[in-house]
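Biologist: I would like to learn how to read a structure like this one. Can we take it feature by feature?

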Amino acid sequence: IDLPKKMTSRILDDGEHEGLYGQKIQQVACGLWHTIILTTSGLLFACGRAMERQLGIEEPFPYVLLPCRLHSLYKDRVIMTSIAAGKDHTIALDNKKRVWAWGSNANGQLGVGKFEAEAGKDLPISEVPRLVSGLEDVDVQEIFCSAETSAVLDAKGRLFTWGKGKCMSLGTMNEEDVFEPGQMAALDGFSIVHVGVGDKHM
């Protein structure tokens with residue numbers, strides 16, 4: 001059995017290393033075909049399939065073999081504290097309690113509202129991280145993803161969900177897709193401590 005080998009890296013134009021050279025890892029989140037990596041300094045790296053732009057990397061590559069830094073967040077000095085990955089979308093929480101999302105929005109799983117697919121593309125996707133709508137006054141503590149849904153838990157124990165509603169996976173008592181975060185009314189009055197997610201349930 002071959003032992004795992006240390007990740008290699010290459011130097012980017014700004015002098016930084018691509019790959020995980022010199023980075024200390026805090027958290028790793030895996031989608032169906034992609035991996036998101038959070039460092040102890042709050043930087044994000046991504047690798048894997050990129051066809052639905054679930055990596056948050058601007059370059060239009062179908063696959064990224066080496067972990068590559070998310071340049072748009074790095075340039076804006078956004079410091080992340082937590083990450084979660086769905087089948088083909090990603091969400092992240094920053095140190096200002098803002099939630100970011102990117103990748104496929106086919107069923108509203110980005111929480112940024114409904115928008116149409118661009119010309120030549122099969123699905124509505126966000127190539128770069130965008131702020132999730134409607135959580136400006138919510139003190140988000142934890143973030144979660146299932147295959148095609150997203151959720152956050154706030155400091156008051158309230159659960160907010162959005163994305164694909166099939167199988168009543170959002171707790172909204174119907175199967176309609178939800179394109180912006182909404183508090184799960186069925187749990188109103190309860191203080192939730194933690195959430196577990198499956199493929200089509202939580």
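Biologist: In which strand is His34 found?

Modeller: Keep in mind that this is a predicted model. His34 belongs to strand S4, which covers residues 34–39.

Biologist: Is His34 buried or exposed?

Modeller: Compare the relative accessibility with the cut-off: buried means under 20%. His34 has 2% relative accessibility, so it counts as buried.

Biologist: What does the side chain of His34 make a polar contact with?

Modeller: Its partner is the side chain of Thr90, at 2.9 Å. Setting aside neighbours within four places in sequence, His34 also has contacts that include Ala29, Cys47, Arg49, Gln54, Leu55 and Asp88.

Biologist: Now a strand. How many residues of S13 are buried?

Modeller: Count residue by residue. In S13 (residues 159–163), 5 of the 5 residues are buried, so the strand is largely enclosed by the rest of the structure.

Biologist: Which residues lie on each side of S13?

Modeller: Leu159, Thr161 and Gly163 are on one side, with Phe160 and Trp162 on the other. All are buried, and both faces are covered.

Biologist: How many bridges join S12 to S13?

Modeller: There are 5 bridges, and S12 (residues 149–154) runs antiparallel to S13. Thr149 sits opposite Gly163 of S13. The two strands form a hairpin with 4 residues between them. Gly157, in the turn, has a positive phi of about 80 degrees.

Biologist: And how many bridges join S13 to S14?

Modeller: Here there are 3 bridges, again with an antiparallel run, and S14 spans residues 178–183. Thr161 faces Gly182 in S14.

Biologist: How do I read cavities?

Modeller: Rolling a probe the size of a water molecule over the atoms shows where empty space is left. In this structure there are 2 cavities of 30 Å³ or more.

Biologist: Which residues line the largest cavity?

Modeller: Among them are Glu148, Lys164, Lys166, Asp199 and Lys200. Thr149, the residue opposite Gly163, is also part of this lining. By class, the lining has 5 charged, 3 polar and 1 nonpolar residues.

Biologist: What volume does the second largest cavity have?

Modeller: Its volume is about 30 Å³. The lining includes Leu43, Leu44, Arg69, Tyr74 and Met80. Sorted by class, the lining of the second largest cavity has 7 nonpolar, 1 polar and 1 charged residues.

Terms used: Residues numbered from 1 in each chain as written. Predicted model: local features only at pLDDT ≥ 70, side-chain atom pairs only at ≥ 80, totals over all residues. Heavy atoms only, no water. 1 Å grid on protein atoms, 1.4 Å probe; cavity = no way out; pocket = protein on both sides within 12 Å on 5 of 7 lines; lining within 4 Å. Points joined across faces, edges and corners; volume = space filled by probe spheres on them. Nonpolar A, V, L, I, M, F, W, Y, C, P; charged D, E, K, R; others polar. Buried < 20%, exposed > 50% of the residue type's maximum accessible area, 1.4 Å probe, protein only. Pairing = 2+ DSSP bridges. Polar contact = N/O pair within 3.5 Å; in protein donor to acceptor, adjacent residues only side chain to side chain. Contact = heavy atoms within 4.5 Å.
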